[in-house]
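Take a helix and a ligand site in turn. The walk begins with what covers the helix and ends at the ligand.

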Amino acid sequence: SEKATPQESKGKLKIALSNSFIGNGWRVEMENVFKAACAMPPYKDQVDCSVFNAGNDVATQSRQISNLIAQGVDGIVINAASTSGLNGVVQQACDRKIVVVSFDNTVDNKCGLTVNTDQVKFGEQLAQFIVDQLKGQGNVVMVTGVAGTGADNDRNAGAKKVFDANPGIKVVATYSGSWDSATAQRQTAAQLPSLPKVDGVWVSGGTDGVIKAFLEANRPVPVVGGEAENGFRKYLAGVTPPKVNGMSIGQPPFLSVISLELARAVIKGEHPKTSVTIPFPMVTSETVKVGETVFPDLPDSFFADFTDSGPNATVVLCQEAATDGTPCPGKTLAVKLG
Amino acid sequence: MDTYAVHAEGVDRSFGGVRALRGASFAARPGEIHALAGENGAGKSTMIKVLCGLVKPDRGTVRVTGRLATAFQELSLLPDLTIAENLLLHDPPRGRLGLVVRRRLVPVAKEVLHEHGIDDLDPRTVTRDLSVAHRQVVELVRVLATRPEVLILDEPTAALQEQQVAWLAEHMRRLRAEGCCVVFTSHRWREIEALADRVTVFRNGTHVTTRERLTESEAVTLMSGRTLDATYPPLAPPGDTVALEARVGDVEVKLHRGEILGIGGLAGQGQRELFLTLFGAGRQKPAVTVGGTARTIRKPKDAIRAGIGIAYVPEDRKAEGLLLPMSVRDNLALATLERRSVAGFVRRAAEHRAVRDIVDRLAVRTASTGHPVGTLSGGNQQKVLMGRWLLSGAEVLLLFDVTRGVDAATKHDFYALVADLAAQGRAVLLYSSETEEIAHLCHRVLVMREGRVAAELEGPVGDAELIVAAAMREREHV
Amino acid sequence: MTTLDTAKRVLAGPHRRVLYAFAAAATILVAGAVIHPGFGSWTSLRTMLVLASFIGFVGAGQMLVVLVGGIDLSMPWVLNGAAIVLTTSSLGQSGRLPLAVALALGVGAAVGLANGLGVAWLGVPAVVMTLGMNGVLQGLSLGLSKGLTCGSCASYAPEPLRRLVVGRLFGVPSELLLWAGVALFVTVLLTLTTFGRRVYAVGNNPRAAFLAGVGVRGVTVVLYMLSGVFAALAGITLVAYGGQPSLGLGDPYLFESIAAVVVGGVSILGGRGHYVGVVAGSVTLVAIVTLLQAERVPEYGRNVIYGLVILAILFTYGRERADD
Amino acid sequence: MSELRAATLGYAVLAATAIAYLVVYTTSLGHLPTPFDYLSLLNTSLPLVFVAIGQSLVVLTGGIDLSVGGMVGLGVAIVAAGSTSGAAVTAGWMLAAVGAGAACGAVNGLIVAKGRIAPILTTLATLSVYSGLALKVLPVPGGEISPAVRSVLTDPDVPTGLIWLGVAVAGWLVLRRTRFGMRVYAVGSDETAARAVGVPTVWVKVGVYALSGVCSGLAAVFYVSTTTSGDPNAGDSFILTSIAAVVVGGIAFAGGRGSALGAVAGAFALTLVIDVLFFAGIDPLYQSLFQGLFLVVAVLLGSLVRWRRA
Ligand SMILES: Nc1ncnc2c1ncn2[C@@H]1O[C@H](COP(=O)(O)OP(=O)(O)OP(=O)(O)O)[C@@H](O)[C@H]1O
Ligand SMILES: Nc1ncnc2c1ncn2[C@@H]1O[C@H](COP(=O)(O)OP(=O)(O)OP(=O)(O)O)[C@@H](O)[C@H]1O
Ligand SMILES: O[C@@H]1[C@@H](O)[C@H](O)OC[C@H]1O
Ligand SMILES: [Mg+2]
Ligand SMILES: [Mg+2]
């Protein structure tokens with residue numbers, strides 16, 4: 001792009017991460033891997049990174065992005081407080097030829113690019129797993145995320161579609177756990193006494209909290225389809241008893257790193273201006289592996305899917321990057337944009 | 001058809017359990033000044049609120065003929081608004097589009113004040129910053145300016161000085177001459193006698209009588225069912241031990257045991273500040289010698305504990321004295337809780353005994369010491385407030401205008417109580433907006449003017465005029 | 001005196017609102033048990049009571065400041081800050097628990113002290129002081145814990161603390177016994193001590209209380225401190241319950257603490273109310289939400305009905321004096 | 001008291017914040033703020049400006065309105081849900097949003113004035129109700145308004161926003177010069193006294209809460225216009241920020257004293273603080289710490305000044 005040349009002559013690109021809130025471990029990890037990536041080659045030499053949090057207030061996030069525009073950054077990476085609330089300011093960034101990439105909770109405005117997993121499929125797949133395990137018969141509870149956000153709506157829609165298609169499945173309760181284990185636990189505890197036998201739980205986030213509530217109420221833990229909290233996976237692996245039958249799909253925190261790469265590549269003209277959808281990492285009680293997809297020494301709130309693996313991995317990160325934001329030793333970071 | 005300008009018949013009105021009016025009637029004619037008299041709690045104010053529609057009667061009929069204006073007992077000026085805004089709230093000067101022309105407010109208000117003979121008030125003053133007397137004056141101008149055909153004034157003179165009373169009387173008479181019906185209430189018989197064409201007496205929420213001529217003692221009997229002997233009690237001679245000695249600004253106070261020292265002067269000459277300061281609630285924190293020991297009094301707690309103990313009884317018992325929803329017991333015990341407690345716990349039995357004792361001694365009329373003090377009659381509330389300080393054993397009593405708005409019988413009891421307390425050796429500092437009281441009830445009088453002592457008179461002075469004269473030297477009207 | 005008279009007297013007396021508060025709680029619970037089988041079971045009640053206890057703790061603090069006509073908007077982050085302090089200082093080790101609990105409560109007390117000094121000595125309106133303080137604490141908590149990325153922030157509550165919720169004494173969760181203890185403490189403090197008398201005096205008429213020798217400022221400061229301590233206690237028990245702190249932990253408790261206080265019959269204008277009412281208020285709030293969720297009312301409907309029920313309760317006994 | 005004096009605190013705080021902004025901005029970027037900065041500041045501030053005016057009116061009567069969060073959310077939901085087609089339709093839905101605000105506000109006012117339930121409790125309960133309605137109207141964030149509407153209300157390149165700010169300020173000044181305006185202050189100063197001198201306190205209160213609803217509706221309109229679409233939770237952040245704006249604007253919580261112009265200044269100051277912190281390079285994690293201090297210090301300064309004057 002036109003802007004890249006003078007910037008390059010000065011040395012580095014300026015790319016900023018604008019996050020809405022840090023209300024849970026996922027966001028923290030997402031920022032950590034971003035910071036770690038920025039401290040690793042090639043970003044270390046090419047990009048000047050900065051990070052901003054707006055505390056879930058659209059007006060604040062909007063001000064911060066305006067100020068980033070004033071600062072003359074080259075790219076802005078956004079996890080948005082509202083799907084729509086930033087459309088105006090994003091448009092202004094686009095008008096000034098700034099590359100805008102939003103991820104996780106993306107921005108509607110078509111002038112920006114997005115990086116995400118397929119959130120509808122996320123919901124569908126967890127629901128399908130539960131249906132399959134129950135052989136199409138049983139009572140299911142849905143624990144949803146932060147109401148009114150894009151990711152929550154898409155996941156719920158996906159799940160509903162699957163459950164509705166199976167007449168033997170009865171959704172006996174739906175309530176929000178706000179993607180937070182403590183909240184999910186409190187809400188579940190409040191619900192359980194008045195619920196009939198529960199055969200399956202579908203959780204959009206805060207999964208370990210939901211399981212703890214079942215255990216505390218002395219109820220058998222049903223089949224669980226949930227997020228990638230380390231605590232949940234400890235139950236799947238049987239690291240913390242009892243061993244739970246379930247599937248864990250995580251929204252990968254490294255979406256921020258992919259967004260960083262997309263922004264960089266687009267500015268440099270190395271990648272077309274197109275959005276990126278990545279597959280989401282998934283494990284079940286059968287496939288979960290200690291030290292690789294679950295970490296007994298790390299806290300429950302840690303998101304265990306901090307990295308991708310396998311030959312087709314989008315990006316491979318080390319554990320320190322996720323826990324402390326420190327760069328992985330002696331490595332050049334390679335991100336496959338698919 | 002009668003010729004009454006206001007007419008209420010068979011009015012009932014209760015507040016919660018309190019029956020303020022029971023089948024009460026009241027009527028007044030155009031072209032007369034009609035006084036409404038009665039003890040505290042007799043229902044005068046309630047009748048007035050019923051007449052002007054502020055309180056809806058539970059039963060009974062009310063009729064008012066003509067444009068009505070009312071000045072209420074609790075001042076109804078808006079404290080954050082200026083004098084001008086208060087005067088012109090309903091009919092501000094307006095320009096095109098009907099919008100208020102704010103810069104015209106002040107000149108128009110000045111004009112209104114001037115028409116009523118008031119030239120020394122700046123209409124831009126926020127009324128919160130005015131003295132009570134001045135607020136009352138503004139309130140009266142506000143109602144007078146509406147050119148009423150029926151004018152009702154509830155205790156308009158309670159906060160006024162002699163000159164201001166005269167000023168008001170002049171306006172009331174002028175209105176009467178113009179055919180207006182003027183109704184007012186007062187606890188000062190002198191005023192009723194001087195102004196009223198007819199008097200209506202209320203007792204316990206009902207109409208007792210309406211007459212053209214009534215003597216004070218007849219009236220008191222009708223109002224309270226009691227006959228009172230001489231208004232002021234005889235005074236025992238004061239002692240010569242100094243109970244309290246202090247210098248507050250330019251005022252030196254030396255108060256002896258057994259002495260009642262009057263503080264006189266026009267309202268707002270620094271008397272209130274003097275009282276509050278001595279009690280630790282003023283701006284200055286002076287050194288005070290109480291019962292021989294010197295103390296710096298920074299807060300009321302210090303005053304209560306200082307030497308032989310200081311007590312302060314304010315004029316406004318509802319705002320500064322009592323906790324109306326709390327029980328008689330709690331109110332009495334509040335200032336001395338720690339004396340009847342172990343490790344922070346109230347010793348209930350001891351408290352009960354102490355409280356019972358005071359209640360009996362002062363003959364407080366209450367069904368139980370557990371009743372909220374707000375349900376008591378005004379006089380009994382006053383007794384509770386005095387009782388709090390008797391319970392504290394304070395030997396120095398600062399009594400600030402405590403008879404304001406108090407009915408004749410209660411005042412009478414109060415005078416006897418004060419004289420008795422002094423006779424027992426307590427020292428009393430007394431301020432009253434009713435100069436008569438200071439003239440008769442004090443061993444000695446300090447007349448204050450602009451924060452200084454303008455004169456010291458030996459008492460009992462007897463003639464209030466002497467005190468007024470001392471206060472007025474070099475001063476003009478209002 | 002007949003029973004009817006007694007009943008009338010109590011209903012007219014100062015305890016009227018407390019009775020209403022219990023009636024409201026009972027009504028919702030009974031309605032729930034009728035509408036939804038299982039709602040009235042002991043397991044269900046026990047869970048609701050445990051959840052109500054968290055509201056009960058913040059409600060205790062909120063009530064104390066409301067009694068003197070104040071309000072504490074700093075609750076969410078006092079609660080959260082205390083939770084973070086507890087985990088970072090205990091590091092999951094039982095041996096460090098006493099110290100950690102003391103520290104967490106100390107944080108609550110210190111913040112409450114600052115609030116109280118600001119309100120009583122500097123004359124900052126309570127809304128402003130405590131709202132500002134909430135921001136200050138949020139900033140400090142996020143900043144110092146780097147948004148909870150610090151390793152020690154992710155520790156669990158030490159085992160003995162977690163037993164508070166799981167453990168049972170005579171079939172009753174210890175958490176509920178703790179709540180009962182708090183209720184007893186607050187009630188005794190307010191009704192049997194000289195301090196309690198002074199609190200009501202200040203709440204009814206601060207000027208008159210001052211002139212009767214009450215240390216109005218001192219009383220106010222102590223109440224804000226207690227409010228901080230109770231918010232911290234809520235934070236501690238919530239960590240005990242969930243095992244770990246999270247950043248949104250305190251958010252729901254701001255409005256719930258206020259709601260519990262008024263549904264419990266405490267006058268928002270100050271001077272009137274009892275903690276037993278707040279206990280009932282906390283249970284009522286939890287019962288409403290639980291019932292609405294059990295009935296699978298959608299999110300929007302839950303909000304609407306919750307608001308309407310609170311309004312209805314306010315209409316029955318939360319009105320200001322109806323004198324004229 | 002003149003409007004100017006009544007709003008002194010707000011202006012002073014705004015001036016101080018603006019100076020701080022200019023200093024940190026120029027040191028950070030080496031040049032003065034550009035029209036872009038002023039314009040985006042203006043446009044992002046407008047919704048809060050409107051809510052703050054409404055909140056001021058309520059606080060001036062001695063009340064408080066927590067339900068602004070729900071009313072803004074509902075307004076945003078209505079505009080966003082309705083406005084998928086042309087400008088005329090959008091304008092219609094915008095009117096509907098303002099109307100809904102007025103209705104919600106009037107309900108608040110009736111409950112407060114007729115039902116005699118304390119304002120903080122009334123609006124706490126209705127907050128829940130109105131937020132629920134917003135979720136019903138717009139369960140999922142979305143909607144899109146036509147660029148034509150945006151260019152009239154908050155054009156990102158032309159300061160059309162200034163016109164609306166002018167309209168808001170003028171609206172306040174006119175209101176202040178009506179008898180209703182005087183009565184608002186009368187009710188806030190002493191409600192019993194106001195009733196006694198014949199001010200129809202019930203209707204003044206209903207009017208004030210309804211106006212607060214109207215302001216919330218307008219805020220919703222400008223919110224949707226700057227962000228170009230809607231979110232049912234959009235109102236939440238306005239609850240505390242509008243109260244903060246009123247506080248910084250020097251309006252007394254007891255009622256009866258202050259001016260909405262102060263709150264307008266306060267709204268801008270609060271928005272500017274975010275920018276000051278940004279360019280001062282303060283870790284955003286500490287942001288609320290400074291915002292909290294800002295609030296308390298602003299009020300403390302205000303009372304210090306008042307002390308000295310007294
Ligand atoms: N708003 C109210 N609420 C409760 N009780 C009231 C109210 N107004 C009046 N009362 C009670 O009604 C009775 C009559 O009061 P009212 O004010 O009419 O007496 P009053 O004759 O004007 O007395 P005063 O001479 O002291 O002014 C009193 O017992 C009083 O306490
Ligand atoms: N502070 C207090 N609060 C509540 N009850 C108290 C308190 N102090 C003492 N009590 C006891 O409560 C009981 C009921 O109070 P109540 O005032 O009705 O008693 P009472 O015998 O009617 O009083 P009295 O003798 O003054 O008529 C009394 O026996 C009293 O001793
Ligand atoms: O996508 C979600 C993310 O936004 C939230 O912060 O944490 C849980 C994730 O599922
Ligand atoms: Mg009266
Ligand atoms: Mg008795």
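Contact here means heavy atoms within 4.5 Å. Keep that cut-off in mind for the cover of the helix. The model is predicted.

Start with helix α9 of chain A, residues 207-216. This helix is mostly covered, with eight of its ten residues buried. Buried stands for under 20% relative accessible area. The buried residues are Thr207(A), Asp208(A), Gly209(A), Val210(A), Ile211(A), Lys212(A), Ala213(A) and Phe214(A).

What covers them? From chain A, the cover includes the strands β6 (138-144), β8 (200-203) and β9 (223-226). It also includes the chain A helices α8 (181-191) and α10 (230-237). Chain C takes part too: its helix α11 (216-242) is included in the cover. After α9(A) comes Asn218(A), with a positive phi near 60°.

Now turn to ligand 3. Asn24(A), Trp26(A), Arg27(A), Asp104(A), Asn105(A), Arg155(A), Trp179(A), Glu227(A) and Gln251(A) surround it. By class, this shell holds two nonpolar, three polar and four charged residues.

For Asp104(A), a polar side-chain atom is 2.4 Å from an oxygen atom of ligand 3. For Arg27(A), a side-chain N or O atom lies 2.8 Å from a ligand 3 oxygen. For Asn105(A), the corresponding distance from a side-chain N or O atom to an oxygen of ligand 3 is 3.3 Å. How much of the accessible area of ligand 3 does the protein cover? Ligand 3 on its own has 270 Å² of accessible area, and the protein covers 100% of it.

Note on methods:
Residues numbered from 1 in each chain as written. Chains lettered and ligands numbered in written order. Predicted model: local features only at pLDDT ≥ 70, side-chain atom pairs only at ≥ 80, totals over all residues. Heavy atoms only, no water. Buried < 20%, exposed > 50% of the residue type's maximum accessible area, 1.4 Å probe, protein only. Helix = DSSP H or I, 4+ residues; strand = E, 2+ residues; numbered from the N terminus. Near = heavy atom within 4 Å. Polar contact = N/O pair within 3.5 Å; in protein donor to acceptor, adjacent residues only side chain to side chain. Areas by Shrake-Rupley, 256 points an atom, 1.4 Å probe, with all protein chains shown as cover. Nonpolar A, V, L, I, M, F, W, Y, C, P; charged D, E, K, R; others polar.
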